[in-house]
Amino acid sequence: MTISDPYTDHTDQVLENLRRAQWHAESEWSNDPATVMETVAPTESLRFSDGHMWVANQVDDDGRPYLNVVSDREGIAGHYDWLFSASQHQQYFLHAKFATTWWSLWDSTYHGRNLATGEDIDADVLSLLVTDGSDGISSELAWMQQRTAAPLTDRERHRLLDAHTKALRSGDVEDIMGFYSEQEYFSSALRPYTAVASPALRLDRLGELRGYYEAFYDEFAVIDLQHTNWYSRDWFLFTESRWRLRRAGGHETGMVTVDMYPLGTDGKIIARLGTGTAMA
């Protein structure tokens, strides 16, 4: 007998999302880019995404850290070429895993080896996997902790989350930018919801991030913003957010976004990595 009701149907969709994400995660242990690419959803099957979005903080040939952001299959394959030539996976320890019908968040500690130096790599990693399309994952946003975060208490992080959310609701760009660290800002990667011909933006400077917020609030007024899920540890905040918006012409619209906010040693945000659904 088949059991079907809104609760079990929803749970089955979450389990399917986890199956797809797990398939991708396990493929990375192959250290083979071709094997991993089999777990990337076909571009033509994407429904609510403008394209793929792969984000990870990396280092260039001169050892300088940067945020790699790619949105096509060639770029994704290039990311895994770099990853498997630079490091060897050895162990993940999973602290927490959360899932909905279309995204999952993996909070883990990574242990590997730097193939150039032979040194061990031990780091915290936060990974957001999106499962748009027919199978596999459509996007992956990953942040490997490279800094020691400020020892914020749970209460302090909750206050930070509440104050930042109020600023996003208000549309006060000056207030929003005050939550970002001027000394330690790294970069951001976001899905644009204004007229930009790209499925993913990389914003390396605070001035570019300010421009993103100015363009967004020039086009939209926030009717309501609520977090449907949120999670934090001492070095990051994560939110899933339901936005209800009004365009400048009066038309109402909205979307759901998922965002990771790594924190710096001063307790301020040093990056925003986020994507979301299409606008209604």
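Residues are numbered from 1 along each chain as its sequence is written. Local features of this predicted model need pLDDT of at least 70 and side-chain atom pairs count only at pLDDT 80 or more, while totals for chains, interfaces and linings use all residues, and side-chain values use heavy atoms, with hydrogens and water left out.

**Stop 1: the largest pocket**

Select L83, H89, Y92, Y110 and M144, which lie nearest the centre of the largest pocket among its 43 lining residues. A pocket here is an open set of points on a 1 Å grid over the protein atoms alone, with protein on both sides within 12 Å along at least five of seven lines; lining residues have an atom within 4 Å of a point. The pocket holds about 1000 Å³ of space, where a volume is the space filled by probe spheres set on the grid points, joined across faces, edges and corners.

Next, colour the elements around the pocket. α1 (6-27), β1 (53-59), α3 (73-86), β3 (87-99), β4 (103-114), β5 (120-130) and β6 each supply at least two lining residues. Helices (H or I, at least four residues) and strands (E, at least two) are DSSP runs, numbered from the N terminus. By class, the lining of this pocket divides into 24 nonpolar, 13 polar and 6 charged residues. Ala, Val, Leu, Ile, Met, Phe, Trp, Tyr, Cys and Pro count as nonpolar, Asp, Glu, Lys and Arg as charged, and the others, Gly among them, as polar.

**Stop 2: the cavities**

Rolling a probe the size of a water molecule over the atoms shows where empty space is left. The structure holds 4 cavities of 30 Å³ or more, a cavity being a set of grid points where a 1.4 Å probe fits but cannot get out.

Select Y193, Y212, W243, T257 and R272: of the 15 residues that line the largest cavity, these are the closest to its centre. About 90 Å³ of space lies in this cavity. Its lining takes at least two residues from each of α6 (206-219), β11 (252-262) and β12 (273-276), and α6 gives the most, with 4 residues. The lining of the largest cavity has 9 nonpolar, 3 polar and 3 charged residues.

For the second largest cavity, select F48, S49, D50, G51, M53, V130, S139, R191, P199, T275 and G276, which line it. The space in the second largest cavity is about 70 Å³, and its lining has 4 nonpolar, 5 polar and 2 charged residues.

**Stop 3: aromatic rings**

Show the rings of Phe, Tyr and Trp (its six-membered ring), which pair if their centres lie within 6.5 Å; planes under 30 degrees apart count as stacked, over 60 as edge-to-face and the rest as tilted. By this rule the count comes to 15 aromatic pairs. W143 and F186 form one that is edge-to-face, at 5.3 Å centre to centre and 85° between the planes. This pair links distant parts of the chain, 43 residues apart: W143 is in strand β6 (residues 139-144), and F186 is in the loop between α5 (173-177) and β7 (188-190). Both W143 and F186 are buried (under 20% relative accessible area; exposed is over 50% and partly exposed in between, with a 1.4 Å probe and protein chains only).

Select F98, Y231, W235 and F236 to see a cluster linked by ring pairs. Then move to K97, which lies over the face of W106 at 4.5 Å from the ring centre. A charge sits over a ring if NZ of Lys or CZ of Arg is within 6 Å of the ring centre and within 35 degrees of the ring normal.

**Stop 4: S181**

S181 lies in the loop between α5 and β7 and counts as buried because its relative accessibility is 0%. Its side chain makes a polar contact with the side chain of D266 (2.7 Å) and reaches the backbone nitrogen of Q183 at 3.4 Å. A polar contact is a pair of N or O atoms within 3.5 Å; within protein, one must be able to donate a hydrogen and the other to accept it, and residues adjacent in sequence count only if both atoms are side-chain atoms.

**Stop 5: single residues**

N31 is in the loop between α1 and α2 (33-37). N31 has a positive phi of about 55° although it is not a glycine.

E119 is in the loop between β4 and β5 and is exposed, with a relative accessible area of 51%.

E240 lies in strand β10 (residues 236-247) and is buried, at 7% relative accessible area. Its C-alpha atom is separated by 9.2 Å from that of M260, 20 residues apart along the chain.
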